[in-house]
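Thanks for coming. I will take a few minutes to walk through one structure, starting with a term we need and ending with a pocket.

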Amino acid sequence: MQYGIHLPHAGEQATPALIRRHAERAEDLGLDDVWVSEHIIVPRDKFPRSPLFFDPVLSLTWAAAVTKRVRLGTTVLVLPMRHPLPLAKELATLQNFSEGRLIMGAGSGWLKEEFAALGVPFEERGRRLDEGIAMMRAVWSEDPVTFRSRIIPAVIEGMTMTPMPVSPIPLWFGGKAEAALKRTIRIGDGWHGSGLAADEAAPIVKRLREARPGADFTISMRVQWDGTDRGELRALVDRYAAIGVQHLLVAPQDRNVDDWEKVTEGVGALAG
């Protein structure tokens with residue numbers, strides 16, 4: 001099993017100093033990766049306690065600058081909300097600055113008001129996700145690049161976009177809907193599930209592994225733990241390992257009140 005932690009870049013305890021501290025500690029403890037999540041703009045009534053989310057790409061760049069080994073992941077970027085070209089440049093830059101440590105966790109999103117604030121049709125998010133991924137992969141691999149866009153406003157004819165990533169950026173899709181699973185099987189490098197107990201995830205894991213048996217496809221789960229009972233965390237790990245999960249990202253149960261130090265140290269004890 002590989003292990004990652006969510007960095008304190010969201011919620012009432014999020015600060016630049018703590019992001020740096022936990023990234024450095026994760027590397028010292030031998031963890032495999034550190035992760036950040038994303039919201040750009042949210043309804044205040046749906047996030048009454050703390051709507052703070054630092055930008056995910058900038059947060060990971062901050063973490064990359066103080067680490068050398070741990071991978072850097074997004075859990076997850078809501079790609080349909082963003083135009084793919086500036087995001088592709090940001091991610092390629094981060095991949096190069098970190099010497100190839102980025103994992104792009106991506107999803108279609110769920111918060112309709114956020115899409116509305118950004119002027120993006122919520123009903124088109126699945127098609128925009130598919131086209132956005134194709135556009136990003138095109139500009140990451142072709143020079144000059146021509147891309148025929150049907151949904152996302154873009155005219156790309158014989159153009160150049162640099163930098164290209166120093167190595168391919170793995171793409172792990174989130175989501176458990178049928179469309180999300182089909183997309184993962186078709187074009188993903190991994191599945192990054194969330195919010196599912198081991199028995200709920202088991203049939204999904206079985207289906208994905210049958211469709212993508214290669215070692216180059218990773219099955220990951222994001223789980224929550226409050227940092228108090230390490231035996232509880234060990235049991236959680238064992239349940240997911242038994243169904244074929246290869247990677248666990250552990251986030252606090254409540255990012256506003258849980259002790260991030262205990263979560264990081266507890267996950268680090270597993271890695272050790």
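A polar contact, as I use it here, is a pair of N or O atoms within 3.5 Å; within protein, one of the two must be able to donate a hydrogen and the other to accept it. Please also keep in mind that this is a predicted model.

With that definition, take Glu 38. It sits in the loop between strand 2 (33-36) and helix 2 (56-64). Is Glu 38 buried or exposed? Buried means under 20% relative accessible area, and Glu 38 counts as buried because its relative accessibility is 4%. Its side chain makes a polar contact of 2.3 Å with the side chain of Arg 82. The side chain of Glu 38 also reaches the backbone nitrogen of Val 78, at 2.7 Å. Leaving aside neighbours within four places in sequence, the contacts of Glu 38 are Phe 53, Pro 56, Val 76, Leu 77, Val 78, Met 81 and Arg 82.

Which side chain does His 22 join in a polar contact of 2.9 Å? That partner is Thr 264. Beyond four places in sequence, His 22 is in contact with Ile 5, Leu 7, Pro 8, Trp 260, Glu 261 and Thr 264.

Now the nonpolar side. In soluble globular proteins, nonpolar side chains tend to be buried together. Here the largest nonpolar core has 65 residues, and those touching the most other members are Leu 79, Leu 91, Met 104, Trp 140, Trp 191 and Met 221. Helix 5 is the element that gives the most to this core, with seven residues. There is also a second, separate core of five residues, including Val 78, Phe 115, Val 120 and Phe 122.

Ile 169 lies in the loop between strand 7 (156-159) and strand 8 (171-173). It has a relative accessible area of 7%, so it is buried. Besides Leu 91, the contacts of Ile 169 beyond four places in sequence include Ala 92, Gln 95, Leu 102, Met 104, Trp 140 and Asp 189.

Next, helix 6, residues 178-187. Its buried residues are Ala 180, Leu 181, Arg 183 and Thr 184. Viewed down the helix axis, these residues fall within an arc of 160°, so they line one face of helix 6. What covers them includes helix 5 (125-141), strand 8, strand 9 (190-194) and helix 7 (198-211).

Of the 48 residues that line it, the closest to its centre are Thr 75, Val 76, Trp 110, Ser 194 and Arg 222. Val 76 has already come up as a contact of Glu 38. Several elements give two or more residues to the lining, among them strand 5 (102-107), helix 4 (112-117), helix 6 and strand 10 (218-225). Which element gives the most to that lining? Strand 9 does, with four residues.

That is the end of the tour.

Note on methods: Residues numbered from 1 in each chain as written. Predicted model: local features only at pLDDT ≥ 70, side-chain atom pairs only at ≥ 80, totals over all residues. Heavy atoms only, no water. Contact = heavy atoms within 4.5 Å. Buried < 20%, exposed > 50% of the residue type's maximum accessible area, 1.4 Å probe, protein only. Arc of directions from axis to C-beta. Core = buried A, V, L, I, M, F, W, Y, C linked by side-chain atoms within 4.5 Å. 1 Å grid on protein atoms, 1.4 Å probe; cavity = no way out; pocket = protein on both sides within 12 Å on 5 of 7 lines; lining within 4 Å.
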